Amino acid sequence: MAIEIEQPRVGLSKIAVSKTHGEDSPYFAGWKAYDENPYDEFRNPSGVIQMGLAENQVSFDILEEYLEQHAEEASWGKKASGFRENALFQDYHGLQSFRKAMASFMEQIREGRAKFNPDRVVLTAGATAANELLTFILADPGDALLVPTPYYPGFDRDLRWRTGVNIVPIHCDSSNNFQVTPQALEAAYKNAESLNIKVRGVLITNPSNPLGATIHRSTLEQILDFVTIKNIHLVSDEIYSGSVFSPTEFTSVAEILESRSYKDCERVHIVYSLSKDLGLPGFRVGTIYSYNDRVVTTARRMSSFTLISSQTQQLLGSMLSDEKFTGNYITKNRERLRNRYEKMVGGLRNAGVECLEGNAGLFCWVNLSPLLENQTRESELAVWEAILHRVKLNISPGSSCHCSEPGWFRVCFANMSEKTLEVALKRIQSFMEERKITSG
Amino acid sequence: MTQTRIQPRPRTPQSDADASTISGGGPTTAMRVIVPLQGVVQGRGGLVLGSVIPCALFYLLQFYLKRRHRPGPTPTTPPPTLPEAAEGSPPPVHRVQTRSTISPRGSNGQAHVSYRANSIAKQIDTPYYIGLKKASVDPYDEENNPDGFFQLGLAENLLCVDLVQDWIVANAKNSIVGGDLSISGIATYQPSDGLMELKVAVAGFMSRVMERSASFIPSQMILTAGAASAIEMLSFCLADAGNAFLVPSPYSPEDIKWRTGVEIIPVPCRSTDGFSLSITALDRAFTQAKKRGLKVCGIIISNPSNPVGNLLNRETLYSLLDFATENNIHIISNEILAGYSCESEEFVSLVEIIDSEDFDRNRVHIVYGLSKDLSLIGVGMGVIYSFNENVLSASKKLTRFASISAPTQHLLISMLSDTNFVDKFIKTNRERLHRICSEFVVGLKRLGIECVKSNAGFYCWADMRWLICSYSEKGERKLWDKLLNVAKVNVTPGSSCHCIEPGWFRCCFTMLTEKDIPVVMERIAKVSEVCKSHS
């Protein structure tokens, strides 16, 4: 006799149902194709090779060796007495020893050209969380951050999804190797103004993702001058700073601040992580380094929502404090990445494909615009699909990175073995030859 | 129930506003007027009008209220303005307003920092944080620092740290790296919501700890880097900024409001009811919120409750579910302390009720964590357990902002799968907890301080109403101050827990050893004797 009454569906938030997480874009769709048919040298030699994941696997052996030799220190074993001491700290401050280790590692990467104070290091579970956290702190919902294009597709989610903050692009193009210019900065700022949006800061990635190139010192100075005049913040995401092929080619915004005697530095914040340089994305270790006391205190408190376990801090702390090890690692890692890059660029050139001149990172910014039927986003996506389904390579289309010029693609080279890279390059060569034959 | 006969007087509206500024929770007095207006206007005039008109009214009201406020800061109120605002601009707003100038640039030229950041800055001066800091910087040590502070404000479980330590020394090396597990196995990107093996291990552990009150399905779990992340993530999924959750008070001092922009509406529980939740009070709070134009999205309960330590029995859970169903809202049940019920009363998980009855499962979500149960300080691991596919899917995407590191996951898989260790640990933990709890409570009783009979948890909810010189928040704060600075014992005052009755304190005893207790009592006696002689 019971009547079926339809239960009213209980509601969810806008954030829960919104698409701002961006996981429906081609950037992520390619990963699906890879997951369904992953390349394996022996078991699936015709599968999809993943070249869309910026992961650093070239120096695992160095890490492994260290961990094997220092396993005791790495676990809590030796520091058993310190266990209780560690327990009395508040989670979100992080272990003093680990913050010191991070600060000294960051100094080493910059070859001592800048100093970092451990008390300004705030720990977060990855750079993803660090960028989001800074956005929560520096901007209110509806405000905007200016970000140079092309940029890392994840920013659309990390900077906007939960924060309600907008990204207003600073358009860069190939005419000057996609470097930021004062005119582009000003244009972006005016664009935001015309939309009645308050700009709260500029967020740059240095070295750049997806360009794989460092930002010139003079450009950094110009950006710093711009944010000072507008009285806004500057966030410098330097997560690839340890992956610059030649250390002298990288200038951190920290160095510029030091040369200016830290005048007006409270507007500057640096994001760093161990995911790229150390190849440890699974460890979820990120930091915010801020020159602004209030930002440090607030970020620290908010980091209670994105903690790094003290066990992970312990594990990595002793490793990062071992300067002999880190010095050796950084040097070897740089060298191996450079070799990979040169192999990649050489192979592409043989196939008739040009890249942007790069000097850092785990990827190349490749120019496939000659392959496009029309210089449009649609044609670019058509080429992307062809490469995904026929050549079986997953690469990232420039439109996912909001590049204003169609035809550019980010191709990663560090997340695979050298052999796999060779296979990928051969496939590209065959593909290009085919095209020449069919069009010629 | 306490022996004393003091009639609890609810705080006056004025002190209520003060309470909310101190504890950083609850809406300000101003908001109680503004919010309903916004609700009305938004219904008619859309989002723009709905923002502009209340904003204008807000500033008018601010001006009016400023004149009504007591001149100058009192010991109980933090400085009313922030350094930036001190130059004459209006204080930051606790709400989301997208188009208004909320915190204009300070006149010293500093770049703007968001209102969310400002609201945190305000809280740094609250007793909860001041006390935590002071006690952790100068902690008591029997040999090395006998004059140090006793930390009774931090709910970390150190009772079985020796067991965990022993296990780790014996097993950690192999469980993280070594054997078949190379670095590339744990270094690379992992599923952000946790490895399935860990979910399986956690499901088994949760079931064991809750004495098999319910069984948990691993695929309905999301793992994050801490219980705080879990609750915050659920808030982001269930409520928009400006919406509200009903929370029985007193409740835990930690705030989830900072980034979510969600309002917490306290549902007061009274000492005359043993601080247990009454559905009538819940209903009243819900209706009042509705009248003010606030959209209530759900109820957040803690079972056992923090700080009081009450267990919610079956009938209450059923009534809660009925209430939620009637009003079409969610329930978040924080069951983080589920492992600590005493023998006298049985812990019933909300999951068990859902399993057995025909309620709409889509509205029920459990939060759980390991740090309390396993003495795993600093190994933040939080669990969201939900039956709602959409919530699971959204939460999964959110976990990329707070994932547990891979080596920690492997360590936990190893530990939780070691059933001998787990059984021994749970048993020893309960024994030691029970012992320390009784000794502590008895010690307080000898000083004339009664505690609410707690069935669970790490704390006791102590009745110090007869010790405060004036029955007000000011009086409570004075006592807290004496306890902190004279007795050098950090306890959490009821106001930080949003308790409407002054004079109650949360004392957490799990960071003490049995030897410490007499020392703690001696110290508290110093203060209580002085207060007694004054009253």
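Predicted model: local features only at pLDDT ≥ 70, side-chain atom pairs only at ≥ 80, totals over all residues.
## Domains of chain A

The domain assignment divides chain A into domain 1, formed by residues 26-61 and 333-439, and domain 2, formed by residues 78-325. The C-alpha centres of domain 1 of chain A and domain 2 of chain A are separated by 27 Å. At their contact, 30 residues of domain 1 of chain A meet 35 residues of domain 2 of chain A. The two domains of chain A bury about 2,700 Å² between them, with carbon and sulfur atoms giving 57% of that area. On the side of domain 1 of chain A, the residues that lose the most area to domain 2 of chain A are Arg334(A), Asn359(A) and His402(A), which together account for 27% of what that side buries.

On the side of domain 1 of chain A that touches domain 2 of chain A, at least two residues each come from helix 2 (26-36), helix 15 (323-350), strand 10 (363-367) and strand 13 (408-412) of chain A. Helix 15 of chain A supplies the largest share of this side, five residues. By class, this side of domain 1 of chain A has 16 nonpolar, eight polar and six charged residues.

## Domains of chain B

In chain B, the domain assignment places residues 123-160 and 423-533 in domain 1, and residues 190-417 in domain 2. A distance of 26 Å lies between the C-alpha centres of domain 1 of chain B and domain 2 of chain B. Their contact involves 35 residues from domain 1 of chain B and 36 residues from domain 2 of chain B. The area buried between these two domains of chain B is about 3,100 Å², and carbon and sulfur atoms give 54% of it.

One salt bridge is counted between domain 1 of chain B and domain 2 of chain B. A salt bridge joins the side chains of Arg208(B) and Asp423(B), with an N to O distance of 2.8 Å. Nine residue pairs, both members at pLDDT 80 or more, are in polar contact between the two domains of chain B. Helix 4 (127-137), helix 15 (419-446), strand 10 (459-463) and strand 13 (504-508) of chain B are the elements that give two or more residues to the side of domain 1 of chain B that touches domain 2 of chain B. Helix 15 of chain B gives the most to this side, with seven residues. The classes on this side of domain 1 of chain B are 18 nonpolar, 10 polar and seven charged residues.

## Aromatic pairs

Over all chains, the structure holds 28 aromatic pairs. The ring centres of Phe105(A) and Tyr272(A) lie 6.4 Å apart and the ring planes meet at 45°, so this pair is tilted. The pair links distant parts of the chain, 167 residues apart: Phe105(A) belongs to helix 6 (residues 96-109) of chain A, and Tyr272(A) to strand 7 (residues 268-273) of chain A.

## Backbone geometry

Most residues other than glycine have a negative phi, and most peptide bonds are trans. The peptide bond from Asn209(A) to Pro210(A) is cis, with omega near 15°; Pro210(A) sits in the loop between strand 5 (199-205) and helix 10 (217-230) of chain A. In chain B, the bond from Asn303(B) to Pro304(B) is cis, with omega near 5°, and Pro304(B) is in the loop between strand 5 (296-302) and helix 11 (314-327) of chain B.

Ser261(A), although not a glycine, has a positive phi of about 55°. Ser261(A) is placed in the loop between helix 11 (253-259) and strand 7 of chain A.

Terms used. Residues numbered from 1 in each chain as written. Chains lettered and ligands numbered in written order. Heavy atoms only, no water. Domains from an automatic or database assignment. Contact = heavy atoms within 4.5 Å. Buried area = accessible area lost by both parts, 1.4 Å probe. Salt bridge = Lys/Arg side-chain N within 4 Å of Asp/Glu carboxyl O. Polar contact = N/O pair within 3.5 Å; in protein donor to acceptor, adjacent residues only side chain to side chain. Helix = DSSP H or I, 4+ residues; strand = E, 2+ residues; numbered from the N terminus. Nonpolar A, V, L, I, M, F, W, Y, C, P; charged D, E, K, R; others polar. Phe/Tyr/Trp six-rings, centres within 6.5 Å; stacked < 30°, edge-to-face > 60°.
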